[in-house]
Amino acid sequence: MSERDDEEREFDIKWADGAAHKEPSARARMLAARWKDNPPGPVPFRGEPEYRGSSGRSSWVSTAVVLGCVAAVIVLLGYVNSRGAY
């Protein structure tokens with residue numbers, strides 16, 4: 001690109017950014033149309049945490065499984081290292 005093209009492009013960007021009226025995005029128009037008849041209710045900044053009991057396991061069981069796997073890997077690595085020392 002030539003220097004003149006860069007200047008024209010920069011002018012176009014400044015002209016577009018400085019426009020008095022900017023058209024909203026398609027999503028903004030869609031939400032405005034939807035909320036015109038049915039506005040959304042108030043939403044707290046940090047709502048109550050949702051109950052996540054659908055998995056069937058409690059958090060301590062998951063923790064025990066992870067710690068058991070870590071212990072098994074440590075034991076396996078120790079066994080492999082002791083076999084290689086002979």
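Trainee: Is Ile 74 buried or exposed?
Mentor: Exposed, with a relative accessible area of 55%. Keep in mind that this is a predicted model.

Trainee: Why does that value count as exposed?
Mentor: Because the cut-off for exposed is over 50% relative accessible area, and Ile 74 comes in at 55%.

Trainee: Where is Ile 74 found?
Mentor: In helix α3, which covers residues 59–84.

Trainee: Which residues make the nonpolar surface patch?
Mentor: Val 66, Val 70 and Ile 74 make that patch, and its area is about 270 Å².

Trainee: Switching to charges. How many salt bridges does the structure hold?
Mentor: One. Arg 29 pairs with Glu 23 in a salt bridge, and their closest N and O atoms are 3.2 Å apart.

Trainee: Why can side chains like that pair?
Mentor: Opposite charges can pair when the charged atoms come close.

Trainee: What about accessibility, starting with Arg 29?
Mentor: Arg 29 counts as partly exposed, at 40% relative accessibility. Glu 23 is exposed, with a relative accessible area of 63%.

Trainee: OK, zooming out. How many helices and strands are there in the protein?
Mentor: Three helices and zero strands. Going along the sequence, the pattern reads α-α-α.

Note on methods
Residues are numbered from 1 along each chain as its sequence is written. This is a predicted model: local features need pLDDT of at least 70, side-chain atom pairs count only at pLDDT 80 or more; totals for chains, interfaces and linings use all residues. Side-chain values use heavy atoms; hydrogens and water are left out. Patches are made of residues with over 30% relative accessible area and no salt bridge: like charges are joined within 9 Å, nonpolar side chains (Val, Leu, Ile, Met, Phe, Trp, Tyr) within 5 Å. Accessible areas come from the Shrake-Rupley method with a 1.4 Å probe; for residues, only the protein chains shown count as cover. A salt bridge is a side-chain nitrogen of Lys or Arg within 4 Å of a carboxyl oxygen of Asp or Glu. Helices (H or I, at least four residues) and strands (E, at least two) are DSSP runs, numbered from the N terminus. Buried means under 20% relative accessible area, exposed over 50%, partly exposed in between (1.4 Å probe, protein chains only).
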